[in-house]
Amino acid sequence: MLYKAKTLKGYQLNSLDGDIGKIEEFYFDDRFWTIRYLVANAGSWLTGRQVLISPYALVAVNREREDIAIHLTQKQIEESPSLSSHKPVSKQFEEDYYQYYGWPLYWDGPYMWGYYPRIERDANKWQTPEHAEKGWDPHLRSTQAVSGYRVHALDGEIGHIDDFIIDDETWTIRYLVLATHNWWPGENVLISAEWIERISWDESTIYINLYKANIIESPEYSPEILLDRAYEVRLHRHYEREGYWDN
């Protein structure tokens, strides 16, 4: 199912033995645009540190209760590698974090989840490849920080990033919600993360290989519109792009 990041923000995270806080933001990598950590606001429970939860630990999202079940205990989380709330996520922290939980390294292999195209939670299926392939260096970005980035089409600026659409099966960012009201009043549209040409992190700008006119004519998006497969098909047909569900 597809969820807006702003909708998931504030959802309760429930461990095996109690609440651990509410979602505050997400960290994603800038290669696969996949969520690597949910950041929880734990309040006074773990003061002074960020509580990061990998999708490996997620069980299910419950829209009605507005919560997410976590397959970890409070003690496991409390004793996990600590990251100060004012520090960025380093490669050393990630290595310690994944070693602590014993999960496969998502950057150690060619696919979205290392040697697996999707999250493989069954430890019995984890394998060490005979011929290890070169991994890649993850660069984590915050959804909170990237919100507001300007978006440039081939013929000029068209708006800014207002939100992210997350697939809770793969924890991939499927779409970016593009707000165009400063240039094109009253319209929001979706842009697939796969259609991004490049990103200038220094300039806080995202470049897409589309023209303004094409974006104007794309299916309008609003929170009231049901974001189902029928809408996605119309969106991809408009841009003459293959759907991710066909791959």
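Biologist: Let me start with Tyr 106: is it buried or exposed?
Modeller: Keeping in mind that this is a predicted model, Tyr 106 is buried, because its relative accessible area is 0% and the cut-off for buried is under 20%.

Biologist: Where in the chain is the place of Tyr 106?
Modeller: Tyr 106 lies in the loop that runs between helix H3 (91-101) and strand S8 (140-142).

Biologist: And which residues does Tyr 106 touch?
Modeller: Setting aside residues up to four places away in sequence, its contacts include Arg 36, Tyr 37, Tyr 98, Trp 113, Trp 136 and Leu 140. Glu 94 is also touched by Tyr 106, and here the two side chains make a polar contact of 2.7 Å.

Biologist: How far is Tyr 106 from Arg 121, going by C-alpha atoms?
Modeller: Their C-alpha atoms are separated by 12 Å, with the two residues 15 apart along the chain.

Biologist: Changing topic, what about strand S10, is it mostly covered or open?
Modeller: S10 (156-167) is mostly covered, as ten of its twelve residues are buried.

Biologist: Which strands pair with S10, and in what sense?
Modeller: Strand S1 (residues 2-4) pairs with S10 in the antiparallel sense over three bridges, and within S10 the residue standing opposite Lys 4 is Ile 165. Strand S9 (residues 150-153) also runs antiparallel to S10, joined to it by four bridges, with Val 151 having Gly 159 as its bridge partner.

Biologist: Is Trp 171 buried or exposed?
Modeller: Trp 171 counts as buried, because its relative accessibility is 2%.

Biologist: Which other residue in that loop could we look at?
Modeller: Thr 170 is found in the loop between S10 and S11, and Thr 170 counts as buried at 5% relative accessibility. Its side chain makes a polar contact of 2.9 Å with the side chain of Thr 172 and one of 3.3 Å with the side chain of Arg 174. Leaving aside neighbours within four places in sequence, Thr 170 is in contact with Thr 34, Trp 113, Arg 118 and Ile 119.

Biologist: What about Trp 33, and what is its phi?
Modeller: Trp 33 has a positive phi of about 50° and is not a glycine. Trp 33 lies in the loop between strand S3 (18-29) and strand S4 (35-41), and Trp 33 is buried, with a relative accessible area of 5%.

Biologist: Last topic: how many residues are in the largest nonpolar core, and which have the most contacts inside it?
Modeller: That core has 76 residues, and those with the most contacts inside it are Leu 38, Ile 53, Ile 68 and Trp 171. In soluble globular proteins, nonpolar side chains tend to be buried together.

Biologist: What does Ile 53 touch?
Modeller: Not counting residues up to four places away in sequence, Ile 53 touches a set of residues including Leu 13, Ile 20, Leu 38, Leu 58, Ile 70 and Tyr 97.

Conventions: Residues are numbered from 1 along each chain as its sequence is written. This is a predicted model: local features need pLDDT of at least 70, side-chain atom pairs count only at pLDDT 80 or more; totals for chains, interfaces and linings use all residues. Side-chain values use heavy atoms; hydrogens and water are left out. Helices (H or I, at least four residues) and strands (E, at least two) are DSSP runs, numbered from the N terminus. Buried means under 20% relative accessible area, exposed over 50%, partly exposed in between (1.4 Å probe, protein chains only). Contact means heavy atoms within 4.5 Å. A polar contact is a pair of N or O atoms within 3.5 Å; within protein, one must be able to donate a hydrogen and the other to accept it, and residues adjacent in sequence count only if both atoms are side-chain atoms. Two strands pair if DSSP finds at least two bridges between them. A nonpolar core is a set of buried Ala, Val, Leu, Ile, Met, Phe, Trp, Tyr and Cys residues joined through side-chain atoms within 4.5 Å.
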